[in-house]
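Q: Please take a close look at one part of this assembly, the second chain. How is it built, and how does it meet its partner?

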Amino acid sequence: MTATVTPASARPSSPAAARGVLRVFAGHRGRLLCAGTAVALVLGAVFLGGGGWPASLVADPSGPLDRAGDWIVDNRDGHPLFLYFLGHISNAVVVSVRAVYLALLALGWAGVTAAAGLVAWRVAGVRLALTSVAAIAVCGLLGMWVPTLQTLALMVVAVAASVLLGGLLGLTAGLSDRMGRILRPVLDTMQVLPAFAYLLPVVLVFGIGVPAAVLATVVYAAPPMARLTALGLRGADAGVMEAVASLGATGRQRLLTARLPLARKELLLGLSQSIMMALGMAVIASVIGAGGLGDRVYQALASVDVGAALAAGVPIVLLAVVLDRVTGAAGERLGAAPARRAGTGWAVALVVTAVVAGAGRLSGRLSWPDGWTVDIAEPVNGAVDWMTAHLYSGVPLVGGTADWAARFTTWVLNPLRDGLQWLPWWAVLLTVGALALLIGTWRTATTAVLAMAAIGALGVWDPALDTLSQVLAAVAVTLVLGFALGVAAARSTRLGRVLRPVLDVFQTLPQFVYLIPVVALFGVGRAPAVAAAVVYALPAVVRITAQGVLAVDPAALESSRSLGATGRQQLFQVQLPLARPALLLAVNQGVVLVLAVVVIGGLVGGGALGYDAVFGLAQGDLATGLVAGAAIVCLGLALDRVTQPTERRDLARKGA
Amino acid sequence: MARTRLALGGSALAAAVALTALTGCGAADMTRQASPYADAKDSRTVTLSVQSWVGAQANVAVARYLLEHELGYRVDTVQIDEVPAWDALSQGRVDAILEDWGHPDQEKRYIDGKGTITRGGDLGVTGHIGWFVPTYFAEEHPDVTEWKNLNKYADDLRTAESGGKGQLLDGSPSYVTNDKALVDNLGLDYQVVFAGSEAAQITQIKQLAKEKKPFLSYWYKPQWLFEKVPMTEVRLPAYEEGCDAEPEKVACAYPHTPLQKFLNSRFADGGGDAAAFLKRFRWTTGMQNDVALMIAEQKLSPEEAASRWVKENEATWRKWLPS
């Protein structure tokens, strides 16, 4: 980070006089910003006038984009670029997914279950082994055996590719300062983008199908691996490195024997994060033909069958929970000395798997037995029907959910959207810049303003502000609920314990599953999109808030108590102020997550950018879809930068 | 550092070589992109595209049941939107589309131009798109079924989303629609509100119907929802050949379209019994609706619904099987 622009960190290198000026500036930063903004507002009103983004500043890319799309479709079967490069990538993906899928099928259900249990036993212990076996059995019980295997095969390939790609990128970023400087902002940015925005470009090149799905997943899941690899390599203990170097180790030896082993915790964390991102993407990628569990969710939602969607969603959650716990446990065990009989244990696991798989083969029961399934769709649909029948409208006193939705749209969303769209374009840019400057640094402010300007230049200013209004409303609701719940969970151990598994499940449920129940409750429009976004973002906000409040120094609490502070005073005057960094992080996370779902809200009438992206995918209309996708990217960038607290950067930079 | 870079370059090169070795040298054929899940376990597989509406699911369910139980194939299905499905069909990722509502641009590009797609004949079902109001509302206000009177009812049809105008509810962005142009060119005081997906649109219609509230919606026949929520079509200016040629200037009703089947060319020639069966597959609007209703309303799994239909209609499907 070149921090010379920020007054705080410029101090050491500046001469005394400049130092004084800067200190004054730093002290009055907020006030100065306000004054500057006011002056700029007046100047703008005089010279620039009002209104939305001026047409003269729009560079409409739809013509060239349309031509590019046509060119690709027309030349895909014959052009050397496809025949000798992209076609091979596509084929390699198909071949590897197929190999894994066939291997899983050959193992049979008994073999796969045994393998899962034994691997979990070896890396994570008996309890997790039992959990894994139970989870796999549930996937079969729900009648989702084949889709689960398909998703698993796709995941294995996608995660392997992500780890390879992410690892290589992380290696270069970790070893070379210049690469690190170039890659850091790119990776940071990729992590905050909604998954939906990645789909269109890969579909364009590869067409609908598994290769596109795998590549979109890799692009989405590789950045965390790269970031954490780089972080781990850079965090290597300087003393150890010095010692290794003084022993005369070559560069390669230093890397292989010291730096990589020292970074293994981060590497495992990267792996686990990649897996979670890949699972999340596996569902969204069903829109572009990924098949498997995600496709089942998507198909069930098409016939408004929440129960069947849930039956396909549960295996995804189970896979996520099991993989998360197993990699987590493996990470914790890393520090311990390896058991002496590790090799024997693995051999036992291998032999048992082979025996079980062989037994399954011989008995001719490779596929999950048809009789062993449980139908959860009907009871779930019954419950959903009951809810919508009794809550939709006409509930005495409070009114039905439909009435709330209408009121929320009329009194919150409409004024917010109209207000934003009424604002002169330069005032929006100015506000974004000022806000970003208040919370972050010059650098984040510049990025945010440029991103917003890019949206205007793409010619989607109005729909982007429509999306923005939905995001703002959803974030406000999320933060009110999230802070309240988070504080409550931090102050009551019992509530915290009850909430934790619920949060776990809600965080891993595919975003799609939320969409239909919210339509049943709130009708079609922007209100259900906002509601789905709130439900999706709430767990993360609650968790970060609770952790932040819990992490407050107990000594500070104790001393305030001894001074006679009431519980309320403690909360508002000690805990919350001290937890400020965590709260800011919660806001940032909330914004990013909300945007991801508000965009998918295009599927339930959210309109705006999300609808354009859906339209682009559905109609194969590259111009509309890519422009909307780019605008979503810019909006995500701007929102992230505006809410990005400087503290987070410092945390991320730890050991750099 | 230089050594590391060399090592990285080396591994990249090795990966490239491995990639080429894995997939065979030379040119990759982008028109042979079968699904990785196809043909597993030494079985012959057919991959069918399912569109998101339930009528299309009914076609696929019955075709799948017969292919699996009578002809011994394994069938994979993939849900793809209408336009991308053409591309997938051309690349061989799917073998057949069973219900297409008319895409002249794609027909020109893939059938006449590239020759990667072949016509598969009529499905036997005629599709029609139109604007519909619930029958209970049409009975109360008989003149609402004439487009000229729609403006009178704009106030009744206003919602929070339609911004002071009447709401015309549209569905999925993937469907064929001229509604925005129609509203403009007919001078209607309405706002097109896109539900964003058919599922969302159906959910909304059912909720409104339960409370006997009025609505105006883009909808299409055949569709099972008519059995649950009776709807009456609003008469738009009559359709004439070519009146919808320019998307911006459309001011007439939607045509009646005989729905078509399309097959991947390579599959049509070398697909054996499966291809012959799919070419002969032809049923009626009523039959499709029966199956669709079982799937969407009774919440039967598509397979279960198909097996019930197959049990009762042997005379119909016997004729489809290749002799």
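A: A residue is buried if 20 or more other C-beta atoms, placed from the backbone, lie within 10 Å of its own, exposed if 12 or fewer, and partly exposed in between. This is a predicted model: local features need pLDDT of at least 70, side-chain atom pairs need 80 or more, and totals for chains, interfaces and linings use all residues. Residues count from 1 along each chain as written, while chains are lettered from A and ligands numbered from 1 in the order written.

Start with a loop. B:Lys212 sits between helix 7 and strand 7 of chain B (DSSP runs, H or I of at least four residues for helices, E of at least two for strands, numbered from the N terminus). B:Lys212 is exposed, with 10 other C-beta atoms within 10 Å. Its phi is positive, about 55°, although B:Lys212 is not a glycine. The peptide bond from B:Lys221 to B:Pro222 is cis, with omega near -5°. Most residues other than glycine have a negative phi, and most peptide bonds are trans.

Now the domains. Chain B splits into domain 1 (40-126 + 257-318) and domain 2 (128-254), with bounds from an automatic or database assignment. Their C-alpha centres are 29 Å apart. In domain 1, 18 residues are in contact with 10 residues of domain 2 (C-beta atoms within 7 Å). On the domain 1 side, helix 2 (54-69), helix 3 (82-91), strand 4 (117-134) and helix 11 (285-296) of chain B each give two or more residues. Helix 11 gives the most, with 6 residues.

Next, the partner. Chain B puts 55 residues into the contact and chain A puts in 67. Elements of chain B that give two or more residues to this side include helix 1 (2-23), strand 2 (74-79) and strand 6 (190-194). Helix 7 of chain B supplies the largest share, 8 residues.

Beyond its neighbours within four places in sequence, A:Leu154 contacts residues including A:Val97, A:Val210 and A:Gly292.

Terms used:
Contact = placed C-beta atoms within 7 Å.
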